[in-house]
Amino acid sequence: MQSNRFGFVVRRLASLIPLLLGILLVVMLLLSLTPGDPARLVVGPRASDAEVDRAREQLGVNQPLWTRYFNYLVSALQGDLGKSFKSGRNVSAQIAEQFPVTLLLATSGILLAIVISIPLAAISARSNGGIGDQIIRGFNVLGTGLPTFWLSIMVITFIALPTGWFPVAGIGRTPGENLRSIVLPAVVVAIAIMPPMIRSLRATILSLQTTEYVLAGRTLGYSGFGLMRHFVLRNALPPLITVTAVQASYALFGTVIVEVAFSLPGMGQGLVVAAGQRDYPLVQGFTLVFALVIVLVFLMADVLTSIIDPRVRISA
């Protein structure tokens with residue numbers, strides 16, 4: 001089983017290569033179709049045509065798409081993702097600087113969503129059709145319909161500003177300030193991704209109520225929290241892991257909006273700024289990292305599911 005799992009991981013990692021190549025090609029193609037001249041943005045609106053042409057040649061944007069694609073791949077394989085058109089900094093260095101903020105935000109939001117979703121789904125399933133179930137299902141509908149940017153504004157307006165407990169913008173300099181700065185953005189991310197997790201886990205719990213092993217648990221004297229913990233939630237974890245992996249990808253994309261709303265210096269905000277400035281190397285670098293992280297999250301979910309539930313056979 002261990003060798004099978006190891007082979008599965010190796011095959012999935014190998015499958016990342018054509019996937020990332022395809023994503024990168026699509027990104028470069030879309031950037032080439034986007035209106036605007038990055039060379040003009042670099043040299044300024046008052047530059048002469050000769051200066052703009054010289055900048056195009058230096059940046060390499062006057063080359064055909066396939067030539068730029070091939071050159072980028074060769075450089076990327078050597079660990080060089082290029083330099084920012086605007087700042088001149090190495091893209092790898094900028095990603096290394098901004099990735100921890102995005103990772104902290106996404107991880108905090110996902111963990112918070114899991115911690116809240118499990119008891120809410122259990123309460124909803126236990127009081128199926130009752131008042132508690134109706135309230136939680138109403139929250140799901142509300143959470144699904146609330147736009148992330150609007151929710152961010154409401155949180156800043158009605159929590160951060162009146163109480164002063166949490167910074168309105170920025171990430172702070174000390175670990176304590178980092179944690180305080182990430183609380184409200186993580187709450188927004190959690191609210192955005194929780195509804196599908198609660199719905200899925202609630203449906204799974206309800207379907208498990210009539211299974212033989214849960215009935216066997218009742219005959220052994222388990223009930224209430226003990227029955228839920230030992231016989232229901234344990235078997236409901238694999239579907240929850242799959243849904244969480246899907247929601248993790250939404251959380252990563254959601255960080256783009258949340259980081260802009262809270263002025264967090266993460267990759268999401270960096271991607272928005274880079275796209276506005278036609279900074280091709282930065283956009284390509286951020287997209288590559290986002291795609292890689294999402295694929296790795298799905299890979300971890302598959303492996304974790306096979307470990308928790310030995311009945312699951314992983315294959316590629």
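Before I show you anything, let me say what I mean by a pocket: on a 1 Å grid over the protein atoms alone, a pocket is an open set of points with protein on both sides within 12 Å along at least five of seven lines. Please keep in mind as well that what you see here is a predicted model.

With that in hand, the largest pocket of this model has a volume of about 450 Å³. The lining of this pocket is made up of 17 residues, and those closest to its centre are I110, T244, A248, V297 and M300. Which helices supply at least two residues each to that lining? They include α5, which runs over 91-126, α10, over 224-261, and α12, over 280-308. If we sort the lining by class, we count 15 nonpolar residues and two polar ones, while charged residues are absent.

Let me now step back to the whole chain, whose secondary structure comes to twelve helices and zero strands, and whose C-alpha trace spans about 85 × 55 × 35 Å along its principal axes.

The domain assignment divides the protein into domain 1, covering 2-78, and domain 2, covering 92-308, and the C-alpha centres of these two domains lie 31 Å apart. How do domain 1 and domain 2 meet, and how many residues are in contact? On the side of domain 1 there are 21 such residues, and they touch 19 residues of domain 2. Between the two domains an area of about 1800 Å² is buried, with carbon and sulfur atoms giving 75% of it, and the number of salt bridges between domain 1 and domain 2 is zero.

Methods
Residues numbered from 1 in each chain as written. Predicted model: local features only at pLDDT ≥ 70, side-chain atom pairs only at ≥ 80, totals over all residues. Heavy atoms only, no water. 1 Å grid on protein atoms, 1.4 Å probe; cavity = no way out; pocket = protein on both sides within 12 Å on 5 of 7 lines; lining within 4 Å. Points joined across faces, edges and corners; volume = space filled by probe spheres on them. Helix = DSSP H or I, 4+ residues; strand = E, 2+ residues; numbered from the N terminus. Nonpolar A, V, L, I, M, F, W, Y, C, P; charged D, E, K, R; others polar. Domains from an automatic or database assignment. Contact = heavy atoms within 4.5 Å. Buried area = accessible area lost by both parts, 1.4 Å probe. Salt bridge = Lys/Arg side-chain N within 4 Å of Asp/Glu carboxyl O.
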